[in-house]
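Please read the points below with the model open beside you. They are meant for someone who has not looked at this structure before.

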Amino acid sequence: MPSISRRGFLGGTAAATLSTFALSSAVFAKESDIKWDETYNVVVIGAGGAGLAAAVTAKEAGAKKVVVIEKMAFPGGNTIRAGGGINAAIKADYEKAGITDSPELHAKQTLAAGDGRGDPKLVNQLTAKAPESVQWLKDHGVKFQDNIYQIYGGLYKRARNPIGPRGGAYIKALVENCKKLDIPIMLNTQVLEVVREKQLSGKVLGVKVKQKDGKVLYIRATNAVVAAGGGFAASDRLSALHDPRMEKLGTTNHPGATGDLLIDLIDIGADTRGLDYIQCIPGNVKGETHAPNLFTHVDRFIFVNLDGKRFINEDARRDVLRDAMLDQPEAIAWTIVDADGFEEQKNSKGPENEAARKAGTLYIGDSIEDLAKKTNIPVEELKKSFEQYNTAVDTKKDPMGRAPTVLVNKLAKAPFYAGRVTMQRHHTMGGVVINEKAQVIDRHGNVIPGLYAAGEVTGGIHGTNRVGGNAMADIFTYGRIAGENAAKNPI
Ligand code: ADP
């Protein structure tokens, strides 16, 4: 008898490892079988950027009763911790910045940076609607800085930052909108199951939740459930399962980014894609807290290793930067900016870098020699690295391969600032499969009726490697799409 591989049997995605959970929790339910404790039109799971955008949009699109369910004690998820840079090819902005751009170029670069593993339809929709998302955020109270810049791993000058506390600026504005629109956010409430008529068929009816005091409630969604539970980079087990190299690394994520909602969705038949692709960015080295953030503006910083040598073009893709740093002695690098670079990043990173200064992880030198002394970097090598980079700015030719567009600012003005970093798990590119309407797709390619998903819990947009600044564009764009469609979903 021919053997059937388990992978083929489960539907064939390379990421089928998680599908082994599929039959672990029985969710056999008919509407009449369950005593529903509360009823809403749209139930949104997760009070991060995607979930809050979905909830506000659903209400504004006509859903009478909308609720957001959040397992943590406060809203925000990873979005509140995010740098906040959002990519969008907005004509007025790129013309003012004197650059050429378009949603088409944004899509092309996004697909290429993900090695063609992103779904072109989802990516094209993302880049076409990202400008609208920025406008939508403005209309909902978010103010933006004027500066358009190339964010770390962003590969192009296309990002802008909100005014205010990084990603927290979005969360603050959207929580205020929820209040205004009478959308309750149930905190300390974890979704344990997404309830479907039958475990692997029929429509989604609502959710089973557990509150902090252990009380279990069934919450009915008469239109739809929107799953916006974020990624799993805080889970050592799931991260190591999909990329064993990740096991020893720390994470930038909030403690709730454990992928439990992803597993709940797989339990009711959702297909997955891209779970093996896990992004890292610089963060604390082991034993330290409060690493300074000196690397967001690519045209302002350099990396050197513990020997003081540059080892990579700092404008590279995030996966390339990750691998290059992990290859250095002790997998550690120094990020270095000058006084002007420090000043420019102050708008968004000021409080973080002040906390680093207090924690003793921000090193400040009045000269290159002084910085070398304070950081223990060999002074001659550090001088050579400064010289190499500053000459590259003059000649527009960098032996490390930086593009001329990010060879514009010398490291010239003292004091110089440095922070020691290593790579930390940051973003999980994979997740559940969605279509352009943000409907969740099952392992047979069919829509799961009444279920939408948006944000980091989904896969198929960023491919192997997410472009810096595209996460914010993704969560607000697909959050809005999911919310609008959920509101209109036939009952
Ligand atoms: P995104 O960027 O996609 O919006 P975030 O990480 O910002 O993702 O937000 C996801 C939110 O979902 C987090 O606040 C997280 O605590 C919440 N969450 C995750 N799983 C559950 C769950 N099972 N029940 C309720 N909330 C959840």
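1. Tyr-152 has a relative accessible area of 1% in this predicted model, and because residues under 20% count as buried, Tyr-152 falls in that class. Phe-295, at 4% relative accessibility, counts as buried as well.

2. By the distance rule for ring centres, the count comes to eleven aromatic pairs. One of them joins Tyr-152 and Phe-295, whose ring centres are 4.9 Å apart with the planes at 70°, so the pair is edge-to-face.

3. Which residues make up the aromatic cluster? Tyr-152, Phe-295, Phe-301, Phe-303 and Phe-311 form one such cluster.

4. Two charged side chains are placed over aromatic rings elsewhere in the model. The charged end of Lys-65 sits over the ring of Tyr-40, 4.7 Å from its centre, and Arg-220 lies over the face of Trp-36, at 5.8 Å from the ring centre.

5. Strand β14 (residues 416–428) deserves a separate look. Twelve of its 13 residues are buried, so the strand is largely enclosed by the rest of the structure. Its pairing can be followed strand by strand: β10 (residues 278–283) and β14 pair in the antiparallel sense over six bridges, with Ile-278 standing opposite Thr-428. Strand β12 (residues 332–337) likewise pairs with β14 in the antiparallel sense over six bridges, and there Val-337 stands opposite Tyr-417. Strand β13 (residues 362–365) pairs with β14 over four bridges, again in the antiparallel sense, and Gly-365 stands opposite Phe-416.

6. For helix α2 (residues 49–60), what span should its twelve residues cover? At 1.5 Å a residue they should span 16 Å, and because the end C-alpha atoms are 17 Å apart, the model agrees with that expectation. Helix α2 is mostly covered, with eleven of its twelve residues buried, among them Gly-49, Leu-52, Val-56 and Lys-59. The helix is followed by Gly-62, whose phi is positive, near 115°.

Methods: Residues are numbered from 1 along each chain as its sequence is written. This is a predicted model: local features need pLDDT of at least 70, side-chain atom pairs count only at pLDDT 80 or more; totals for chains, interfaces and linings use all residues. Side-chain values use heavy atoms; hydrogens and water are left out. Buried means under 20% relative accessible area, exposed over 50%, partly exposed in between (1.4 Å probe, protein chains only). Helices (H or I, at least four residues) and strands (E, at least two) are DSSP runs, numbered from the N terminus. Two strands pair if DSSP finds at least two bridges between them. The expected span of a helix is 1.5 Å times one less than its number of residues. Rings of Phe, Tyr and Trp (its six-membered ring) pair if their centres lie within 6.5 Å; planes under 30 degrees apart count as stacked, over 60 as edge-to-face and the rest as tilted. A charge sits over a ring if NZ of Lys or CZ of Arg is within 6 Å of the ring centre and within 35 degrees of the ring normal.
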